[in-house]
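User: I have a new chain to read. Let us go through it in short questions.

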Amino acid sequence: MILVTGGAGFIGSNFVLDWLQGCDEPVVNLDRLTYAGNLSNLAALQGDSRHHFVQGDICDQALVDRLLAEYRPRAIVHFAAESHVDRSIHGPRDFVRTNVEGTFSLLEAARGYWARLSNEEQAEFRFLHVSTDEVYGSLAAEDSPFTERNAYEPNSPYSASKAASDHLVRAWHHTYGLPVLTTNCSNNYGPYQFPEKLIPLVIANALAGKALPIYGDGQNVRDWLYVGDHCSGIREVLARGVVGETYNIGGWNEKTNIEIVETICDLLDDLAPAAEGSYRRLIAFVPDRPGHDRRYAIDARKIADELGWRPQETFESGIRKTIGWYLDNQAWVEHVQDGSYRDWLETNYRLRRSDR
Ligand code: NAD
Ligand code: TDX
């Protein structure tokens, strides 16, 4: 049994689906179901006794204590977070609460649970913390990609809250001996990503004939990784990572934002041509994001050399898959945009409430 937090969000739900496709080890999935959590992502697991969903908050330590005692997981894989940089600029409080306080609560629960395990169970136990490359700050064009030894220089409320959580995880290892692992990954894309992030937003807006907003000059650079490759990297680190270490995960796929948006427009022109002409006509340059980091790039040699992990998708194959998924699942986008998926959830999924 493993405990996954945030397993109804974008990466967490991909991880749970991939995990249960690859093995029969059950998952208890703790998710608060914020706007970003969507149980319909896990509809394929309805009635599957290997998946135990619990709606609840990682800040609720008493709940996490109960879940650990009841399910006795051999690992915690911690995805739950507020994850959108723009939201963190407009309302940073939830980011500090969930990302910092929530990770603290989870660590405290894990520490108590771990202390009561047998020696054998203690040796097997892992707390894997899923984090981001944004903690390293912004690179200039001539800088080398981030390695695990780069100093932390977070610039947004989101990245500052993730950096704080990474530090807590590190401290719980060094001070209390909790067997932790941390992964710092670049920008993910793929199925089930909430259409507030660049790639799904551009696909959804293009199909709806709406403007495709590009912040600033469109020359900001991100490294892009297909979500399935992130999930396989996490599985490798969980299985064979060295306790106390951090691992960067990245796709060696640096792209400017304008390149990304133009690529999506061109693929959509082939796959779903619009009567009005190329989707590029919808591109609109808009005022920049405050404090917008210029460039992220990941040096993923450590996880490649030490654990043998390599991404399976190129950007070209991954973006085609992703666009195909959004074209086939336009109802999903409409539901998450208008909130009606919550009705779906009430009628189609039996929830275990945190106040049980
Ligand atoms: P997401 O916003 O899609 O999902 C977050 C999930 O966490 C949601 O299901 C939400 O309901 C849940 N959640 C939020 N607050 C909670 C709380 N207090 N208690 C319990 N559950 C709560 O995020 P994502 O993009 O899937 O990111 C997952 C993790 O990966 C995050 O920790 C994020 O920082 C990290 N990460 C994301 C990316 C990316 O490109 N999306 C890249 C690197 C790292
Ligand atoms: O409408 C937009 N227009 C635009 O130009 C949006 C939503 C974004 N952008 C730009 C901002 C970034 O330079 O595109 C780039 C990507 O933006 P986001 O999708 O918001 O991602 P980013 O800010 O890079 O952060 C993401 O990657 C790292 C995730 O949201 C984080 O959770 C993860 O840690």
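Predicted model: local features only at pLDDT ≥ 70, side-chain atom pairs only at ≥ 80, totals over all residues.

User: Which residues is Leu42 in contact with, beyond its neighbours within four places in sequence?
Analyst: Leu42 sits in the loop between β2 and β3. Gly7 is 35 residues away along the chain, yet the two C-alpha atoms are separated by 8.9 Å. Contact means that C-beta atoms, placed from the backbone, lie within 7 Å. By that test, and leaving out neighbours within four places, the partners of Leu42 are Ala8, Ser13, Val16 and His51.

User: How many helices and strands does the protein chain have?
Analyst: Both are DSSP runs, numbered from the N terminus: helices are H or I with at least four residues, strands are E with at least two. The protein chain has 13 helices and twelve strands.

User: What is the radius of gyration of the protein chain?
Analyst: The radius of gyration is taken over C-alpha atoms, and the globule rule is 2.2 Å times the number of residues to the power 0.38. The C-alpha atoms fill a box of roughly 65 × 50 × 35 Å along the principal axes. With 356 residues, a compact globule would come near 21 Å, which agrees with the chain's value of 20 Å.

User: Among contacts between residues at least 6 apart in sequence, what share joins residues at least 24 apart?
Analyst: Burial gives the background: of the 356 residues, 45% count as buried. For contacts between residues at least 6 apart, the share joining residues at least 24 apart is 82%.

User: Which strands stand at the edges of the open sheet of three strands?
Analyst: The strand order is β7-β9-β11, with mixed pairing. Strands pair if DSSP finds at least two bridges between them. Each edge strand has a single partner, so one side of it is left without a neighbour in the sheet: these are β7 and β11.

User: In β11, which residue is the bridge partner of Val221?
Analyst: Strand β9 covers residues 221-226. Three bridges join β9 to β11, and the two run antiparallel. The partner of Val221 is Thr256.

User: Which residue in β10 does Asn184 stand opposite?
Analyst: Strand β6, residues 180-185, is joined to β10 by four bridges, and the two run parallel. Both faces of β10 are covered: Thr246 and Asn248 are buried on one side, Tyr247 and Ile249 on the other. Opposite Asn184 stands Asn248.

User: What is the phi of Leu33?
Analyst: Most residues other than glycine have a negative phi. Leu33 lies in the loop between β2 (27-31) and β3 (51-55). It is partly exposed, with 17 other C-beta atoms within 10 Å. Leu33 is not a glycine, yet its phi is positive, at about 55 degrees.

User: What is the phi of Arg72?
Analyst: Arg72 is placed in the loop between α2 (61-71) and β4 (75-78). Arg72 is partly exposed, with 13 other C-beta atoms within 10 Å. Its phi is positive, near 50 degrees.

User: Which residues does Arg111 touch, not counting those up to four places away in sequence?
Analyst: Arg111 is found in helix α4. It is partly exposed, with 15 other C-beta atoms within 10 Å. Tyr176 is 65 residues away in sequence but 7.6 Å away in space, C-alpha to C-alpha. Arg111 touches Trp172, Tyr176 and Leu178.

User: Which residues are the closest to ligand 1?
Analyst: A residue is near a molecule if its C-beta atom, placed from the backbone, lies within 6 Å of it. The elements α1 (10-22), α4 (93-115), β5 (126-132) and β7 (187-189) each supply at least two residues of the shell. Of the 31 residues around ligand 1, the closest are Gly6, Gly9, Ala36, Gly37 and Ala81.

User: Which element gives the most to the shell around ligand 2?
Analyst: 16 residues surround ligand 2, including Ser83 and Tyr215. Both α7 (198-207) and β8 (212-215) supply at least two residues. With three residues, the element that gives the most is β8.

Definitions and conventions. Residues numbered from 1 in each chain as written. Chains lettered and ligands numbered in written order. Buried ≥ 20, exposed ≤ 12 C-beta atoms within 10 Å, placed from the backbone. Contact = placed C-beta atoms within 7 Å.
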